[in-house]
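Hi,

Here is the structure I said I would pass on. Have a look at it first, and my notes follow below.

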Amino acid sequence: MRNNYYRKMAILGVSFLTLLAFKKYTDHKESKFPEISFVEDASSNIILSEFNPNDLDSEEWQKLGFSENQSRTILKYKDIVGGNFISKEQFRKCFAVSKEKYAQLEPFLLLPDNGKSTSNFSNSFADKKSLIISGKFNPDHFSEADWRKMGFSEKQSAAILKYKDYLGGSFVSKEKFKDCFIINDENYKKLEPFLILPAKTPVNFNSYASKSASNVRLEPFNPNSLDVKGWIGLGFSEKQATVIVNYRDRNLKGNFRSLDDIKNCFVISKEKFDVLKSFIRLDPSTINNKPSAKTELKQEKTDFSKTDMNSITFKQLLEFGLDEKSAGSMIGFRKKLGGFMTKEQILETYNIDKELVQKLLSIAPLDNSKVERYTLVDAPEDWLKNHPYFKYSADKIIYYRISNPDDRKIWKLLKTKPEYEARMKLYLK
C-alpha cells in the first residue's frame, strides 16, 4: 500500500514540475528564426567583361558557365567556320549557345554584329593582316599556299578550298565567290576588281557538278563510245555520267540512234543538250540500225508481276503506258533516294500519272533489301546533303553529332515534325 502511495506522489510531483517549466517557457518572448539565405546558381555569379571569343580555350568557356561538352562543341564549331568567329551573328548560330546565354553574353562580345568592322570592335580582331594582291587572278587556280601568301590564315585558306570543292571544283562566278563565308564584305571589295570570273552565276548551275562548264573544252564526239569518264569530261557529275551510260546500255540496247534519244535522257538538261548537240557525231551504222516493227513485236512482253519497282527500267515504264516525263521523273526520284522503301513513296513522285502508277503498284513487287541505310552518326556527309529527306537537316545533324554521337540525342535536338522524322527513319538502321 505504502509503495503505491509513494508512486502516486512521485507522479504528481513530476507533473507539477512539468507544468511550471512549460509556464516559464511560454512567458519568454518569441525568438526570431535566423534569416535563410539561398545559394545562387554558379552561372549568376559570373562577372562578365568585354572579351573576344576567339581567344578563349575550353576552361575559359567553362568559366563563362558552359559545360565541358558545350565548350568542346564551341571550339569545334569555331574550327568549322574557318578558325575564327567573324561576327556576333555567326557566334549566335553555334548550337551550343542557347538564346538565353547569347542574350547574356552579347553586350560583352568584341565582335562586329554582322561581319563588318565597327568602331566598337576590338583592335585585336579588326587589325588583321592586310591582303596582298599582286594583280588579276583566277581563284580556281589558287592553292592553299597561294591564299596564305595573300594574307589568309592556314585554316581560312583550307576552308576556302573546301568551299570551292563544295561548288564542284570551281567558284563559277563572282557571286558564288562572294558567298564564301570566309570572305567578308570588306575583303571581297578589295578582291573583286582582280577576280577573273564571270559576274553572274549561270541559271542552270549545279552545285554538285564535278566540273564547271567554263572548264570544259568541247570537241566532236561519238556518244556511243563514251564511258563514265568520258561523260564526266563533258562536265557531268559522276552520278549523272553513270545514269547516262546505264540509260544508253540498258534502255537503248547500247546505242543512241538519234539526237532525240540523247535529249530524252532526264539527267541531260535542255541547256546542256543545246551546248552539246553541235559536237555530237552519231555513227551512221547505229542510226540505220533501228529495230523494225516486226522485231519489236517479237520481243517478249515484261511480266510486271515479277518486276521489282527498284529495278524497273525507263523502257519498261514506257511499255506499261507511262509517258517519258512520268517515267523519267520516277527513275530520277528513285535515284536520288537510293531506292524506294515503300510503294507510297512512289506515288509522291512529282509529275507522274498517279492513276496509272497506282495500277502498276497493285501488280509489281517492291524489294527494298538492297537500299543503303545508315545511322545519323555514321551517315556520310554527301549522302545527308544530297538525300531528299535529309538535305534540309543535314547541317544540323553534322553539327549535333560532333558532341552527341548518339542517334536518340540527335533526334531530340533536331525537333523535326513527326511526319518528317518518320520519312527519314525509313533510310536509317
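A word on naming before anything else: a helix here is a DSSP run of H or I with at least four residues, and helices are numbered from the N terminus. Also keep in mind that this is a predicted model.

Overall picture: the protein has 24 helices and 0 strands. Of its 429 residues, 39% count as buried. Taking the contacts with a separation of 6 or more, 57% are between residues 24 or more positions apart. The accessible surface is about 27,400 Å², and carbon and sulfur atoms own 52% of that.

Tyr6 sits in helix H1, which spans residues 2-27. Is Tyr6 buried or exposed? Tyr6 has a relative accessible area of 55%, and the cut-off for exposed is over 50%, so Tyr6 counts as exposed. Together with Tyr5, Met9 and Leu12, Tyr6 makes a nonpolar surface patch of about 490 Å².

The other spot I looked at is helix H20, residues 354-363, where Leu356, Val357, Leu360 and Leu361 are buried. Those four are on the same side of H20, because they cover an arc of only 140 degrees around the axis. What do the buried residues of H20 pack against? Their partners are three helices: H17 (314-320), H18 (324-337) and H19 (343-347). On the face of H20 turned away from the buried side you will find Glu355 and Ser362, both exposed.

Cheers

Note on methods:
Residues are numbered from 1 along each chain as its sequence is written. This is a predicted model: local features need pLDDT of at least 70, side-chain atom pairs count only at pLDDT 80 or more; totals for chains, interfaces and linings use all residues. Side-chain values use heavy atoms; hydrogens and water are left out. Patches are made of residues with over 30% relative accessible area and no salt bridge: like charges are joined within 9 Å, nonpolar side chains (Val, Leu, Ile, Met, Phe, Trp, Tyr) within 5 Å. Accessible areas come from the Shrake-Rupley method with a 1.4 Å probe; for residues, only the protein chains shown count as cover. A salt bridge is a side-chain nitrogen of Lys or Arg within 4 Å of a carboxyl oxygen of Asp or Glu. Helices (H or I, at least four residues) and strands (E, at least two) are DSSP runs, numbered from the N terminus. Buried means under 20% relative accessible area, exposed over 50%, partly exposed in between (1.4 Å probe, protein chains only). The arc is that of the directions from the helix axis to the C-beta atoms. Contact means heavy atoms within 4.5 Å.
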